[in-house]
Amino acid sequence: MSLIHFQILSAAMFSIGLYGVLARRNALLVLLSIEIMLNAVNINLVAFSSYAESAQEVGQIIAIFIITVAAAEVGLAMAIILRLFRDRSSVDLDDIDLMKW
Amino acid sequence: MSLLDIIFGVISLVAIASAISVVNQRDIFRAALFLVVSFLAVAALFVLLNAEFLAVVQVLVYVGAVSILIIFAIMLTSNVQTGSTSHGFSPLILILVAALTALIVSTAISTDWNTWDSKGFEVSPGGTEEDLSNTEQGIKNVFSNTTVVISTLIMTRFVLPMEVVSVVLLAAVIGALALVRDTEVES
């Protein structure tokens, strides 16, 4: 168990989340995939803060900020999805062409 | 191979398997439940990395709040029975994602990270073998008081980002309320 193992795990989880973002059509599932990606970033930051020679707790603090911003992002995204569902009764991303021209 | 390695392997297997189930699941509700499993595995990884405070925050915020919010949104919006369509098995996306993983991993391996173990110290996070034989010192090192350090740093060096983040949270709350409010009510 060394830093490289955590990095590989983090890269794998980030890629799984990216696959979900690109391959799924449902807006809620895209949101879940983004959460997986944010978690992968947090694993990476905490692993570095635990293994790196300097700046021991700074990585954990940045991870806390990421968690906070992710919580705000989930709240806002839920509001947008609820609004979209009320207006168009669909959360399919292919149906959402409001800002296309 | 020590006990910690086995625990790490099991936890990372759970994390990756549940993450794959999230992106492959047709049923959105099941995907949300697998996401909770993935969050819990990440919290266990934080404990392995001596970040107990962050593990508790992870369980409180993600498992406690975010997953409940997501499940509420699933109940309110989509038709749970029909499931969600995906773009199907797309080889292009898979190749892209695999290439990205290979790039990240090869970069991580070839970089000379300035870590404790690269300098020849026999250190795992959580104290050395010597610490473990000396019980009192070992307990102090294994349960390092990260909460005190984190709170001190947040209140001194990171006080400006903390204030900015609180403004972000306030803006998110107001924005969410403004978005879901009925426009007919005010007119």
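Here is our chat, question by question.

Modeller: Ground rules to begin with: this is a predicted model, where local features need pLDDT of at least 70, side-chain atom pairs count only at pLDDT 80 or more, and totals for chains, interfaces and linings use all residues. Residues are numbered from 1 along each chain as its sequence is written, chains are lettered from A and ligands numbered from 1 in the order in which they are written, and side-chain values use heavy atoms, with hydrogens and water left out.

Colleague: What pattern does chain B follow along the sequence?

Modeller: Chain B has 0 strands and 9 helices; helices are DSSP runs of H or I with at least four residues, strands are E runs of at least two, and numbering goes from the N terminus. Read in order, that gives α-α-α-α-α-α-α-α-α.

Colleague: How much of chain B is buried?

Modeller: Buried here is under 20% relative accessible area, with exposed over 50% and partly exposed in between (1.4 Å probe, protein chains only). Chain B has 187 residues, and the buried share of them is 33%.

Colleague: What area is buried between chain B and chain A?

Modeller: Counting contact as heavy atoms within 4.5 Å, 84 residues of chain B touch 68 residues of chain A. Buried area is the accessible area (1.4 Å probe) that two parts lose on being put together, summed over both. Carbon and sulfur atoms give 77% of it, and the total is about 6,900 Å².

Colleague: Which helix of chain B supplies the largest share of the side that touches chain A?

Modeller: Helices 1, 2, 3, 4, 7 and 8 of chain B each supply at least two residues of that side. The largest share, 12 residues, comes from helix 3 of chain B.

Colleague: How many salt bridges are there between chain B and chain A?

Modeller: The rule wants a side-chain nitrogen of Lys or Arg within 4 Å of a carboxyl oxygen of Asp or Glu. Between chain B and chain A the count is 0.

Colleague: Where is B:Asn50, the residue with a positive phi?

Modeller: Phi of B:Asn50 is near 65°, and this residue isn't glycine. B:Asn50 is also buried, at a relative accessible area of 14%. Its place is the loop between helix 2 and helix 3 of chain B.

Colleague: What phi does A:Ser89 take?

Modeller: Helix 3 of chain A covers residues 58-88 and reaches 44 Å from its first C-alpha to its last, close to the 45 Å expected, the expected span being 1.5 Å times one less than the number of residues. Just after that helix, A:Ser89 has a positive phi of about 45°.
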